[in-house]
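Here is a friendly briefing to read alongside the model. Take a look at the sequence and the fold, then walk through the notes below.

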Amino acid sequence: MDLNFPPDSPPLAAIATAKIFAVPLTVNSSLASGSPPVLVLGGGKSLDGEIQILKHIGAVSSHTDSYKRDADELKQIDYWLDYAPIFGSGSEFEGACSFVDQCLLQNTFLVGSSLSIADVAVWARLAGVGHRWESLRRSKKYLNLVRWFNSIYDEYSAALSEFMSTYILRKGPTRISNSNSKEAQPSRSQSAEENVGTSADVAGNQTFEVDLPDAEVGKVKLRFAPEPSGFLHIGHSKAALLNQYFAERYKGQVIVRFDDTNPDKESSEFVENLLKDIETLGIKYSAVTYTSDYFPQLMEMAEKLIVEGKAYVDDTPREKMQQERMEGIESAARSNSVDKNLKLWKEMVSGSETGLKCCLRGKLDMQDPNKSMRDPVYYRCNLTPHHRIGSKYKLYPTYDFCCPFVDAVEGITHALRSSEYHDRNDQYYRIQKDMGFRKVHIYEFSRLNMVYTLLSKRKLLWFVQNGKVDGWDDPRFPTVQGIVRRGLKIEALVQFILEQGASKNLNLMEWDKLWAINKKIIDPICPRHTAVIEERRVLLTLTDGPEEPFIRILPKHKKYAGAGEKAVTYSKKLCIDYADAEAISLNEEVTLKDWGNAIVKEIKKDENGIIAELSGVLNLDGNVKKTKLKLTWLADSNELIRLTLVDFDYLITKKKLEEDEDFVDVVRPCTKTETPALGESDMRNLKRGDILQLERKGYYRCDAPFIRPSKPIVLFSIPDGKQQTSAK
């Protein structure tokens with residue numbers, strides 16, 4: 001068999017499996033970068049993708065236990081093959097180590113009692129991580145995982161030593177040593193390398209290595225500058241996380257600066273919530289500043305530019321001014337004398353009737369093809385009190401004027417801006433030059449756009465003001481608080497954004513991918529619970545069931561002890577979902593999850609053909625593998641907890657809104673549905689923010705915990721990347 005792959009991404013698990021289980025394999029690293037691995041078989045057949053290749057190698061191995069297992073163990077192996085790539089994700093790495101460490105607490109191998117391809121897949125992924133895993137091995141933080149890792153290497157060192165030297169050690173100074181030998185310590189330079197860029201590790205061991213122009217390690221200073229006129233949304237998150245990425249990469253710093261120059265839209269409430277969101281994202285900033293801190297210096301700079309003839313006061317009506325800018329026509333005020341400009345400037349400062357008709361404009365180039373260079377506005381009058389400094393000022397600087405000034409004054413070396421500002425880059429540099437400042441480098445990245453999603457704060461405000469949502473933290477909103485309330489883990493958001501890198505290509509992203517990443521984070525650890533839809537729920541009576549209900553203590557997650565345990569009541573009278581009752585045939589054998597099999601002997605219906613009740617008998621010796629239906633159930637008792645299951649849909653009906661399209665025309669009329677349900681009694685212990693899985697129903701986040709029996713627990717449905725909202 002010939003294994004072909006790109007030289008920059010060898011299928012480590014497949015190669016290691018072939019080495020350990022002595023499967024002859026010819027390797028060829030000649031495929032183009034980004035191509036999936038291909039295993040060429042005899043007869044012109046081939047297999048694509050590492051998991052399929054891995055399974056085939058295990059199947060043809062003479063070691064029968066490598067993949068030839070019973071159905072249950074095969075399912076477990078498949079689970080671990082899907083799970084193994086998580087070790088390539090920087091944000092999820094330690095969580096994955098903790099999870100596998102727990103699984104190995106009382107087990108020698110991941111599946112069954114002997115080595116399988118599941119063990120090799122996870123082992124190879126860990127080895128491929130390099131420095132980070134080696135650091136954890138030395139720390140002895142995960143003793144079970146380290147014991148397991150070392151034992152595999154010790155047992156198969158002859159086969160794995162060549163694998164390590166060829167595919168792992170050549171990538172860097174990572175060392176794998178026998179558990180009995182003294183481990184080599186990394187050099188000082190290796191340790192430094194280990195700490196650079198770890199926050200940007202993404203699935204598949206890919207990182208985006210993009211250089212900032214003229215950046216020097218230890219001297220880079222960046223800023224994240226939101227306007228306090230709304231909550232942080234997923235688009236802002238990309239800017240914030242990229243700033244942090246570059247700061248960490250160049251051992252620099254990030255400051256948070258509030259661009260508070262529009263008192264009509266801004267408030268202290270937004271400032272507080274933005275800081276909360278920045279904290280949620282894990283942004284490590286060195287200081288918080290405000291553009292309003294620099295209002296006195298900005299006023300001085302404006303007067304300086306007037307005196308130098310680089311700015312003038314214009315009283316041209318706004319509509320006429322806009323038309324002249326479009327047509328490249330100079331304003332009559334452009335030829336004002338310095339004295340006249342200073343006189344009108346004082347009128348603006350005082351907020352007089354005359355001043356309110358004026359604005360300050362930069363004298364750049366009215367004939368420049370780039371319309372942003374055609375004498376942009378620097379200052380406008382506004383009598384609205386400022387949320388921080390009250391009514392001290394009657395005029396405020398524009399973003400175009402204050403941004404290059406404050407960036408320079410604060411010592412920013414690189415200003416990250418989304419590519420929508422591209423046409424303003426020349427303006428930014430020209431204004432800085434007129435001000436007499438050094439050049440601050442601009443680095444562009446593409447704006448993050450999501451399907452069926454509006455990111456404009458003005459449009460989001462419309463939904464809030466018109467009662468279409470419950471607030472800025474509504475789970476239908478793309479705000480950080482909204483998506484976290486929906487059930488998104490911040491680690492998933494960080495990974496999703498960093499996977500895209502600092503690309504300048506415009507992209508429209510699917511929510512499914514983000515929720516699929518989220519599922520990989522929550523599924524291995526979230527507790528499992530059972531619920532039954534209240535409407536039309538059906539009573540299943542087991543005629544030979546226990547006369548008195550009894551209780552068993554079961555794990556909330558069969559593969560993660562950290563999820564805890566719950567008390568489950570067993571009774572002869574059970575509640576099941578109506579949809580399950582409909583699927584059952586007379587005399588059919590079904591499996592009651594966590595109990596055993598039962599045979600349905602009677603199906604009672606009312607005069608309308610609606611199923612009213614079922615009766616059956618237990619068959620606990622029956623084969624659970626042979627039944628078609630696996631039913632979730634609850635013992636019919638007064639201990640059941642009332643639930644409200646809440647599902648959400650997109651706020652608009654179009655994937656992408658066109659430039660000239662009014663978003664109000666595509667607002668979805670119904671975006672929230674509530675379904676009453678009953679849950680097991682242990683759910684009264686849920687806390688707000690807890691993530692759980694309702695068996696056979698999906699993942700949920702607890703938004704309102706148990707208070708009293710008459711008030712339902714509110715659970716928000718979390719998409720899993722497959723059963724996404726309808727978007728019809």
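**The chain at a glance**

Of the 728 residues in the chain, 52% are buried, where buried means under 20% relative accessible area, exposed over 50%, and partly exposed in between (1.4 Å probe, protein chains only). This is a predicted model, in which local features need pLDDT of at least 70 and side-chain atom pairs count only at pLDDT 80 or more, while totals for chains, interfaces and linings use all residues. Residues are numbered from 1 along each chain as its sequence is written, and side-chain values use heavy atoms, with hydrogens and water left out.

**Overall make-up**

- The chain has 21 helices and 31 strands; helices (H or I, at least four residues) and strands (E, at least two) are DSSP runs, numbered from the N terminus.
- Taken along the principal axes, the C-alpha atoms fill a box of roughly 100 × 70 × 45 Å.
- Among contacts with a separation of 6 or more, 71% join residues 24 or more positions apart, a contact being heavy atoms within 4.5 Å.

**Nonpolar cores**

- The largest nonpolar core has 61 residues; such a core is a set of buried Ala, Val, Leu, Ile, Met, Phe, Trp, Tyr and Cys residues joined through side-chain atoms within 4.5 Å.
- W80, F87, W123, L126, W148 and F163 have the most contacts inside this core.
- Elements giving two or more residues to the core include α1 (12-20), α5 (117-129) and α8 (157-168), and α5 provides the largest share, 9 residues.
- Not counting residues up to four places away in sequence, F163 touches L12, I15, A16, K19, W123 and I168.
- Another core, of 53 residues, lies apart from this one and has L212, L242, V254 and I490 among its members.

**Helices α2 and α3**

- α2 and α3 pack at an angle of about 140°, with their axes 10 Å apart; axes are lines fitted to C-alpha atoms, for helices over the stretch in contact, and angles run from 0 to 180 degrees between N-to-C directions.
- That angle makes α2 oblique to α3, since angles under 35 degrees count as roughly parallel, over 145 as roughly antiparallel, 65 to 115 as roughly perpendicular and the rest as oblique.
- Where the two helices meet, I51, L54 and K55 in α2 are in contact with D78, L81 and D82 in α3.

**Two buried residues**

- I117 sits in helix α5 and counts as buried because its relative accessibility is 0%.
- I117 and T17 are 100 residues apart in sequence, yet their C-alpha atoms are 6.5 Å apart in space.
- Leaving aside neighbours within four places in sequence, the contacts of I117 include T17, F21, L54, K55, I77 and L81.
- D407 belongs to helix α15 (residues 399-409) and, with 0% relative accessibility, counts as buried.
- Among the residues that D407 touches, not counting those up to four places away in sequence, are R223, R257 and R438.

**An open sheet**

- Four strands form an open sheet in the order β8-β9-β10-β11, with antiparallel pairing; two strands pair if DSSP finds at least two bridges between them.
- β8 (311-314) and β11 (395-397) stand at the edges with a single partner strand each, so one side of each has no neighbour in the sheet.
- The twist averages 20° from one strand to the next.
- β8 and β9 (residues 359-362) run antiparallel and are joined by 4 bridges, with D314 opposite C359 in β9.
- Helix α12 (residues 295-307) lies across β8, β9, β10 (377-381) and β11, and runs at about 120° to β10.
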